[in-house]
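Hello,

Here is the structure I said I would pass on. Please open it first, then read the notes below it.

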Amino acid sequence: MELTEKDRQLLALMQKNAREPVASLARQLGVSRTALQERIQKLEAGGIIEGYSVRLTKEVAQNAVHCFTLAALNNKSYPDVSRKIKAMPSIQAVYAITGEWDLIIHLAAETLEKLNREVNAVNEISGVVKTASHVVMETKFNRTIYAL
């Protein structure tokens, strides 16, 4: 599905506030409410908009302990490792990267003790050659808007 400039503007507005009323979005974009509602439905049907989520306040999110673990893998183990880490609910995101490391794994847990168990579980996955973990002390800001 090819995105138009209006689509990009709409998606940027929706990323700031997905609960913004359609009428308000339509006014901001200079289109009719009906046309905008149809466009949102097309973006959903076309797989551009996967869904909607809730962003927690900083106070609530601070109750979790976050960690970024760099992982180097045995090249032949990618599918197995990917399947195993995807099944771990503590893993928030995984990024394939270039360089010495293969993955950055974002983990979150309620306590340091639980986080330690989860990091150890990653280390025990067959195919993970080495890891280096970095616990987040403070989130300075979190920009969840993706460039379009």
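**Helix 1 against helix 3**

D7, L10, L11 and M14 of helix 1 meet L36, R39, I40 and L43 of helix 3. By class, this contact of helix 1 with helix 3 has 6 nonpolar residues, 2 charged and no polar ones. Please keep in mind that this is a predicted model.

How are the two helices set against each other? Helix 1 and helix 3 pack at an angle of about 85°. Their axes lie 11 Å apart. An angle of 65 to 115 degrees counts as roughly perpendicular, and helix 1 and helix 3 are therefore roughly perpendicular to each other.

**Helix 1 itself**

Helix 1 covers residues 5-16, which makes 12 residues. At 1.5 Å a residue, helix 1 should span 16 Å. Its end C-alpha atoms are 17 Å apart, so the two values agree.

Which residues of helix 1 are buried? They are D7, L10, L11 and M14. Seen down the axis of helix 1, these buried residues fall within an arc of 100°, so they line one face of the helix. The face turned away from that buried side carries exposed residues, E5 and K16.

What covers the buried residues of helix 1? The cover includes helix 2 (22-29) and helix 3 (33-45).

**Helix 2 against helix 3**

Helix 2 and helix 3 pack at an angle of about 105°, with axes 9 Å apart. Helix 2 and helix 3 are therefore also roughly perpendicular to each other. On the helix 2 side, the contact is made by V22, A23, L25, A26 and L29. On the helix 3 side, R33, L36, Q37 and I40 take part. By class, the contact of helix 2 with helix 3 has 7 nonpolar residues, 1 polar and 1 charged.

**A look at Q37**

Q37 is found in helix 3. Is Q37 buried, partly exposed or exposed? Its relative accessibility is 26%, so Q37 counts as partly exposed; buried would need under 20%. Along the chain, Q37 and S53 are 16 residues apart, and their C-alpha atoms are separated by 19 Å.

Best wishes

Definitions and conventions. Residues numbered from 1 in each chain as written. Predicted model: local features only at pLDDT ≥ 70, side-chain atom pairs only at ≥ 80, totals over all residues. Heavy atoms only, no water. Helix = DSSP H or I, 4+ residues; strand = E, 2+ residues; numbered from the N terminus. Expected span 1.5 Å × (residues − 1). Buried < 20%, exposed > 50% of the residue type's maximum accessible area, 1.4 Å probe, protein only. Arc of directions from axis to C-beta. Contact = heavy atoms within 4.5 Å. Axes fitted to C-alpha atoms, helices over the stretch in contact; angles between N-to-C directions. Parallel < 35°, antiparallel > 145°, perpendicular 65-115°, else oblique. Nonpolar A, V, L, I, M, F, W, Y, C, P; charged D, E, K, R; others polar.
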